[in-house]
Amino acid sequence: MAKAGHRWSSAAAEREAEEGEDPLDARIARSGCLEQHRQLQECMAERRDWRHCQEQVRAFGACMARRQQRQ
């Protein structure tokens with residue numbers, strides 16, 4: 001059974017798209033894990049291989065897991 005907040009309604013996605021914000025970026029920002037996500041993106045841009053960014057992958061994953069547990 002899905003919890004509230006786990007699904008994107010098409011109306012919410014359309015509203016965010018109209019506002020110029022990517023729905024995934026908005027969801028990550030609301031999760032409280034934006035800084036970990038940015039660090040992962042920076043590593044990926046620099047190293048161009050996720051295998052070299054395992055510390056950032058784990059930090060982002062742990063942050064998102066904590067978020068899931070709170071819901």
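A residue counts as buried when its relative accessible area is under 20%. In this predicted model, helix H2 has buried residues at Ala 26, Ile 28 and Ser 31.

**Helix H2 and its ends**

Helix H2 covers residues 23-31, and Ser 31 lies in it. At the start of H2, the backbone nitrogen of Leu 24 has a side-chain oxygen of Asp 22 within 2.8 Å. Just after H2, Gly 32 adopts a positive phi of about 85°.

Ser 31 has a relative accessible area of 6%, so it is classed as buried, the cut-off being under 20%. Leaving out residues up to four places away in sequence, Ser 31 touches Met 64, Arg 67 and Arg 70.

**Core and contacts**

Ile 28 of H2 is buried and belongs to the largest nonpolar core, which has 7 residues. In soluble globular proteins, nonpolar side chains tend to be buried together.

| Residue | Contacts |
|---|---|
| Ser 31 | Met 64, Arg 67, Arg 70 |
| Cys 43 | Arg 48, His 52, Cys 53, Gln 56 |

**Surface**

On the surface, Met 44, Trp 50 and Val 57 make up a nonpolar patch with about 270 Å² of accessible area together. Trp 50 sits in the loop between helix H3 (34-47) and helix H4 (54-70).

Key
Residues numbered from 1 in each chain as written. Predicted model: local features only at pLDDT ≥ 70, side-chain atom pairs only at ≥ 80, totals over all residues. Heavy atoms only, no water. Patch = residues over 30% accessible without salt bridge, like charges linked within 9 Å, V, L, I, M, F, W, Y side chains within 5 Å. Areas by Shrake-Rupley, 256 points an atom, 1.4 Å probe, with all protein chains shown as cover. Salt bridge = Lys/Arg side-chain N within 4 Å of Asp/Glu carboxyl O. Helix = DSSP H or I, 4+ residues; strand = E, 2+ residues; numbered from the N terminus. Buried < 20%, exposed > 50% of the residue type's maximum accessible area, 1.4 Å probe, protein only. Contact = heavy atoms within 4.5 Å. Core = buried A, V, L, I, M, F, W, Y, C linked by side-chain atoms within 4.5 Å. Polar contact = N/O pair within 3.5 Å; in protein donor to acceptor, adjacent residues only side chain to side chain.
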